[in-house]
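Hello,

Here is the structure I promised to pass on. Please have a look at it first, and then read my notes below.

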Amino acid sequence: MTLSAVRYGLWSKSPAQSDVVYSRVVYSRVNYLPPGRVSCRMSTDLGTAEGMDSRELVHFVTQQTRFALINNILQHPEQLPSMYELEELNPSVSDATVYKHIQKLIDAGIVKEFALDDDQRRQGYPWKFYGLTEEGREFLDDHNLLAAEETLQQIYDTISDKPEKMVKYENAPRPDGV
């Protein structure tokens, strides 16, 4: 499988497997839409989780770009991708937009930034990584938004055309105890 196939949602050689992943994601997202709403896109004006009820937070995390970033975190071998890896997996989204949505997920308590200690940092390698918080994982699990986690990891493992820099960053040291 190529990186382009993963980038553009062509996740599987098997149509049946692709249908399962797609239908679970869509089913989970559509279940939480307010009455009369037909689109799965949400406003990007939500900012933080303060004052949001569970349904609003589901809408917030399932906004197209944010949900793609959560899936990128879940599919990463260490579930701690660097910003570069997230940007590479989302070529149709600007780097600034990826950063903005990661920040919104951090503000909402779904994602946390993890950094290497100064003595662990190496020149030419990333030192900041992004992963789900315990609360974020629990929230996503409670709302059946982790159903495709294993499939996402299997798909990521089949990518055959990763840029050299992405492979280097994927194999970079990660913070201890995460």
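Let me begin with helix 3. Its buried residues (buried means under 20% relative accessible area with a 1.4 Å probe, protein chains only) pack against helix 4 (64-75), helix 6 (95-107) and helix 7, where a contact means heavy atoms within 4.5 Å. Helix 3 spans residues 54-61, and the buried ones are Leu-57, Val-58, His-59, Phe-60 and Val-61. At the start of this helix, the backbone nitrogen of Arg-55 has a side-chain oxygen of Asp-53 within 3.1 Å.

A word on the source: this is a predicted model, in which local features need pLDDT of at least 70 and side-chain atom pairs count only at pLDDT 80 or more, while totals for chains, interfaces and linings use all residues. Residues are numbered from 1 along each chain as its sequence is written, and side-chain values use heavy atoms, leaving out hydrogens and water.

Now the whole chain. It has nine helices and two strands (DSSP runs, H or I of at least four residues for helices and E of at least two for strands, numbered from the N terminus). Their order from the N terminus is α-α-α-α-α-α-β-β-α-α-α. Of the 178 residues, 44% are buried. Among contacts with a separation of 6 or more, 66% join residues 24 or more positions apart.

Happy browsing, and write back with any questions!

How values were computed
Buried < 20%, exposed > 50% of the residue type's maximum accessible area, 1.4 Å probe, protein only. Polar contact = N/O pair within 3.5 Å; in protein donor to acceptor, adjacent residues only side chain to side chain.
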